[in-house]
Structures are given as C-alpha cells and as structure tokens.
Amino acid sequence: MSVAFTFPGQGSQVVGMGKELAETYPEARAVFEEVDEALGEKLSSVMFEGPEETLTLTANAQPALMAVSMAAIRVMQARGLDLKSKVAFVAGHSLGEYSALCAAGTFSLADTARLLRIRGNAMQAAVPVGEGAMAAIIGLEHGDVQSICVEASAVGPCQIANDNGGGQLVISGAKAAVEKAAGLATEKGAKRAIMLPVSAPFHSALMGPAAEAMREALAKVEKKDPVVPLVANVRAAPVTAADEIAALLVEQVTGQVRWRETVEWFAANGVTTLYELGSGKVLTGLARRIDKSVNGIAVNTPADIDAALAALLA
C-alpha cells in the first residue's frame with residue numbers, strides 16, 4: 001500500500017481559499033507572504049477577499065492555487081511529515097504539476113510562483129481573445145474524440161487537451177474547429193458537448209508561443225531532482241531527472257494532460273490513496289470515477305490536515 005500526493009489545476013480556485021489555513025497556521029501565512037513578495041503584489045488579498053474575476057485571471061489563478069497547495073504541505077511538514085519516506089509519488093493537473101514539483105523540492109517556492117505568473121501571462125497572450133476555444137465532451141471514449149478532432153482539424157487546429165477519465169474529455173484549439181468538433185460529438189452520441197468559459201485554448205498547438213516562453217523561463221531557474229518521482233502529465237509515467245522534467249513541462253503547454261492514465265498508472269503500481277493537496281476536490285472526484293480501488297482524499301482545511309497527518313504518521 002502506498003500514497004501519492006496530487007495537486008489541483010485551474011478551475012479549483014475559489015475566493016477565500018487558503019484563508020482558514022493562514023489564520024490557523026504560521027507556516028501557511030509564511031507561504032502566502034513569500035508568494036506575495038516573489039510576485040511583488042498582494043496576491044493573497046485577492047485569494048482571501050476577491051474579487052472573483054481578478055482571482056480567475058489565468059496569471060493570478062495559477063500561482064494562487066499553487067500557494068494554497070504549498071501552504072497545506074508546509075503545515076504538514078512542520079508537524080512531522082517527511083515527503084520522501086511517506087509519499088511514493090507526486091502528480092498535478094496542468095499547473096498543479098508545478099505545485100507537485102515545488103512540494104518535491106525541484107523548484108523553490110518563489111521561483112514556482114514566478115514561473116506560474118510567466119506561464120499564465122504567456123498562455124493568455126499566445127492567442128487573441130475569441131480566436132481559441134475549449135469544450136468538454138461527456139460520454140465518448142478517447143478514440144472517438146480523437147477521430148472527431150482529426151475531422152474537425154479541416155477547419156483549424158483541434159486536439160484533446162485533457163483526458164479526465166469517467167468519460168470526460170476536454171478538447172482545445174481554434175474556435176471554429178472546436179465548435180465543429182462539439183457538433184460532431186453530439187452527432188456521434190456524446191451525452192453532452194459543452195463549450196467552456198475559458199480565456200484561451202490551453203493545451204493545444206496554438207499555445208506554441210507560451211511553450212517557448214516556458215522553455216526560456218525554465219532554463220533560467222535552479223532545478224533539483226524531486227525527492228519523490230513525478231508522474232508527468234504528458235507521459236503518465238514517473239520521471240526523476242530535473243532536466244527531463246523541465247522538457248516535459250514545456251511539452252505540457254501544448255500537450256495533453258493524461259489524467260485518466262495517470263490515475264490508472266497509480267492503481268496499477270500499488271498506490272491505494274491519493275491525497276489532493278490544496279483548493280477544492282476536483283481530482284478526488286475524478287479518481288473515484290477512474291478507478292474505485294484508489295481512495296481519493298481532499299486536504300484543504302485544518303480538520304483535513306489533522307486527519308491526513310493522523311493516517312500518514314500512524
């Protein structure tokens with residue numbers, strides 16, 4: 001029996017996240033202060049007080065979600081959790097991969113905050129607003145959605161961005177192509193094809209300029225091999241070398257988040273419990289849908305932290 005820590009991605013942000021941790025634990029407060037200092041602004045006040053539309057901006061949501069995840073980890077570490085001896089793997093959904101790597105010691109907290117600010121800005125700037133789109137396709141298999149994307153690519157780039165499991169796939173690309181694919185999905189029997197309210201076509205070939213921005217940014221920061229292996233988004237398999245991880249983070253900007261396969265890999269390799277560290281419980285819900293043999297547990301309140309520590313340190 002082994003444990004993995006997972007870290008949520010964009011969409012898990014909510015006004016007020018992290019506030020209870022900051023009020024309860026000095027270690028959590030220190031994380032939010034360090035992130036504020038690294039970014040040169042009070043991101044923590046946007047997290048705690050809003051407004052929601054400011055928190056939801058990609059350039060804010062990404063470092064903010066990472067900060068909440070790291071606040072939870074630092075609190076647990078201060079109370080005796082040793083990641084290396086208690087956790088077999090880490091993984092994160094899209095931006096959550098950076099949270100996972102910060103937790104595992106690949107990047108410093110300040111560098112992670114700055115990398116995610118660069119990533120958020122670069123992803124937003126890569127495609128003019130209105131030219132890209134994303135859609136959730138519910139109730140079709142991966143292969144069916146893949147063939148729909150190929151067909152829709154006649155009118156522009158279109159690809160699978162996220163395979164979230166449980167029959168939920170997200171497609172991304174040029175607006176006309178994604179709309180065409182959504183229509184084709186409905187024709188082919190999808191339960192639903194929902195256009196998503198996103199500001200850019202994440203994890204698509206249109207994110208090429210953002211991938212280059214991340215290649216440059218990642219080349220400049222200090223990187224260490226993680227203390228536990230990262231199960232990488234684009235590979236759905238573990239990696240342990242810092243330079244290889246950096247290359248995969250670049251690939252991830254335009255590549256598919258293979259979350260279903262990641263959870264299946266965990267299940268096949270003896271992981272019985274996935275702790276989701278940070279805001280919300282999206283990944284916990286996905287784990288339940290992907291493989292019932294894996295127990296998902298969300299950790300984002302003081303009570304959650306106490307319960308997780310009691311189990312992990314038993």
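Colleague: How much space lies in the largest pocket, and which residues are closest to its centre?

Modeller: A pocket is an open set of grid points, whereas a cavity is one from which the probe cannot get out. In this predicted model, about 740 Å³ of space lies in the largest pocket. Its lining has 31 residues, and the closest to the centre are Q10, G11, N162, L196 and V198.

Colleague: Which classes of residue make up the lining of the largest pocket?

Modeller: The lining of the largest pocket comprises 16 polar, 14 nonpolar and one charged residues.

Colleague: Which domains and elements supply that lining?

Modeller: Domain 1 (2-126 + 206-313) and domain 2 (132-199) each contribute at least three residues to the lining of the largest pocket. Among the elements that each supply at least two residues are helix 5 (58-78), helix 8 (109-126) and helix 14 (282-290). Strand 3 (132-138), strand 4 (158-165) and strand 5 (168-174) likewise each supply at least two.

Colleague: In what order do the four strands of the open sheet stand, and which of them are at the edges?

Modeller: Two strands count as paired if at least two bridges are found between them. Here the order is 4-5-3-6, with antiparallel pairing. Strand 4 and strand 6 (192-195) stand at the edges with a single partner strand each, so one side of each has no neighbour in the sheet. On average, and with direction ignored, neighbouring strands of this sheet are turned by 20° against each other.

Colleague: How many bridges join strand 3 to strand 5, and how many to strand 6?

Modeller: Seven bridges join strand 3 to strand 5, and the two run antiparallel. In one of these pairs, M134 has S172 of strand 5 as its bridge partner. Strand 3 also pairs with strand 6 in the antiparallel sense, over four bridges; there A136 stands opposite I194.

Colleague: Why is strand 3 described as largely enclosed by the rest of the structure?

Modeller: A residue is called buried when its relative accessible area is under 20%. Six of the seven residues of strand 3 are buried, so the rest of the structure largely encloses this strand.

Colleague: What lines the largest cavity, and which element gives the largest share?

Modeller: The structure holds one cavity of 30 Å³ or more, and about 30 Å³ of space lies in the largest cavity. T6, W259, L274, E276, L283, T284 and A287 line the largest cavity. Strand 9 (271-277) and helix 14 are the elements that give two or more residues to this lining. Helix 14 provides the largest share, three residues. By class, the lining of the largest cavity has four nonpolar, two polar and one charged residues.

Terms used: Residues are numbered from 1 along each chain as its sequence is written. This is a predicted model: local features need pLDDT of at least 70, side-chain atom pairs count only at pLDDT 80 or more; totals for chains, interfaces and linings use all residues. Side-chain values use heavy atoms; hydrogens and water are left out. On a 1 Å grid over the protein atoms alone, a cavity is a set of points where a 1.4 Å probe fits but cannot get out, and a pocket is an open set with protein on both sides within 12 Å along at least five of seven lines; lining residues have an atom within 4 Å of a point. Grid points are joined across faces, edges and corners, and a volume is the space filled by probe spheres set on the points. Ala, Val, Leu, Ile, Met, Phe, Trp, Tyr, Cys and Pro count as nonpolar, Asp, Glu, Lys and Arg as charged, and the others, Gly among them, as polar. Domain bounds come from an automatic or database domain assignment. Axes are lines fitted to C-alpha atoms, for helices over the stretch in contact, and angles run from 0 to 180 degrees between N-to-C directions. Buried means under 20% relative accessible area, exposed over 50%, partly exposed in between (1.4 Å probe, protein chains only).
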